[in-house]
Amino acid sequence: MDSRAISRRGLFGVAGLAAAGATALAAAAPAAASAADGPADGSLGRETVPFHGRHQAGVTAADQAHETLVALDLREGVDRDALRRMMRLLSDDAARLAAGRAALADIEPELADAPSRLAFGFGFGPGLVAAAGGVAPEWLAPLPAFGIDRLDPAICGGDLLLQVAGDDPLVIAHATRMLLKDAVRFATVRWRQRGYRRARGTVPDGTTMRNLFGQIDGTAGPHPGDADFDEAVWIADGWLAGGTSTVVRRIAMDLDDWDLLGRADREHAVGRRLDTGAPVTGAEEHDEPDLAAVDALGFPAIKPWAHIRRARGEGAERIARRSFSYDDGPLAPEDTGVGLVFIAHQADPLRQFVPIQRRLDELDLLNRWTIPVGSAVFAMPPGCDRGGYIGETLLE
Ligand code: HEM
């Protein structure tokens, strides 16, 4: 028995029992009220995201609460035939699990019962495309070096990316394990990264997430369903037609130093308010930032070093961001162990992601509290139909 339990009992003598009963009743009342406010009937757990379709669900699905990324290195000698076998197995596992069914030979089938919007994405690194004898797009390579980078090679790159997103971390852990059980004959784990947002149901669906700086993060699109999403994200031709790219950056945050800043300075570092996420020149989260506006002294209202001014530039590059937080302890020498798993999808990282990252590398006040420690680029093939598998456009 733990010492806290003993000391609590010690506090409650016989004379304390009546008072304890009254406290228990009082405590029950708010619980009953909150149960009436929202569904606790398991319906969120039954929600599914279709696995099959033109695009991979991991790219298009609504923002789930949790995501696990695993990057693998192919074993020596894994060739095109072996890759075909592996991707057939992994696609079959993913299709079943996304539908709330057990994968073949799943010895814990109950863990597949409540899929909770489980969605999968598979990404190919340059090594996999080479092993398949395919032609890699020019951008499928490590990103150019940036001055702010403090990368640890152990948490960079990889031949195959498994991206498992959903609202229940238990279901994600099980699904990831099922995929790894089938992948292990072909590949070994290089790095893995878990990320999270608010628990589903605690805020209305569609609420933009907050990162660990407390900022509303993810307001500016494109988001799936927006008019400009398709053009920014989907590749038009070749074996990647209907697919996209994924850039992953593990970005450590220095929360202790950030804590020393006043609220106004924190808002000026980004150019948006902390409470509503509105630009400092606006009132609502989705108001357009007015980059030409000046303050009472005639200085730019959105500072020259503000993250949104630098990230936006002339507005020519669009990327679809879908980031998660992490606090799993340091993995690299300069990692604080707390930060943002920054994920961006775009048709061409060299034309879209890199110019933005270059501008931020040159000037962005947020650099003072953020350190990129991991980095990887993957090609995300298109989705597949029933009976097909992810990667068939490369491997058939
Ligand atoms: C830990 C690192 C980062 C933090 C804390 C962060 C935080 C934010 C916040 C709070 C916003 C404003 C709200 C929004 O529109 O989402 C924002 C916007 C944005 N960020 Fe970041 N960000 C980080 C890294 C990056 C990186 C690495 C890139 C790309 C290279 C990036 C690109 C953008 C873009 C394109 C916008 C939208 C700008 C606009 O058009 O308004 N961010 N970020």
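Which residues are the closest to the ligand, and how many surround it?

View 1. The ligand is surrounded by 27 residues, the closest being Gln-215, Thr-219, Ala-220, Ala-311 and Arg-312, where a residue is near if its C-beta atom, placed from the backbone, lies within 6 Å. Two or more residues of this shell come from each of β5 (244–253), α11 (307–312), β8 (339–346) and α12 (353–362). By class, the shell holds 16 nonpolar, seven polar and four charged residues, with Ala, Val, Leu, Ile, Met, Phe, Trp, Tyr, Cys and Pro counted as nonpolar, Asp, Glu, Lys and Arg as charged, and the others, Gly among them, as polar.

**View 2. Packing of helix α5 on helix α7.** Helix α5 (residues 80–98) packs with helix α7 (residues 169–183) at an angle of about 160°, their axes 9 Å apart, the axes being lines fitted to C-alpha atoms over the stretch in contact and the angles running from 0 to 180 degrees between N-to-C directions. The two helices are therefore roughly antiparallel, a term applied to angles over 145 degrees.

**View 3. Residues joining α5 and α7.** From α5, Met-86, Leu-89, Leu-90, Asp-93 and Leu-97 meet Ala-175, Met-178, Leu-179, Asp-182 and Ala-183 of α7, contact requiring C-beta atoms, placed from the backbone, within 7 Å. By class, this contact has eight nonpolar, no polar and two charged residues.

**Notes.** Residues are numbered from 1 along each chain as its sequence is written. In this predicted model, local features need pLDDT of at least 70 and side-chain atom pairs count only at pLDDT 80 or more, whereas totals for chains, interfaces and linings use all residues. Helices (H or I, at least four residues) and strands (E, at least two) are DSSP runs, numbered from the N terminus.

Definitions and conventions. Angles under 35 degrees count as roughly parallel, over 145 as roughly antiparallel, 65 to 115 as roughly perpendicular and the rest as oblique. Two residues are in contact if their C-beta atoms, placed from the backbone, lie within 7 Å.
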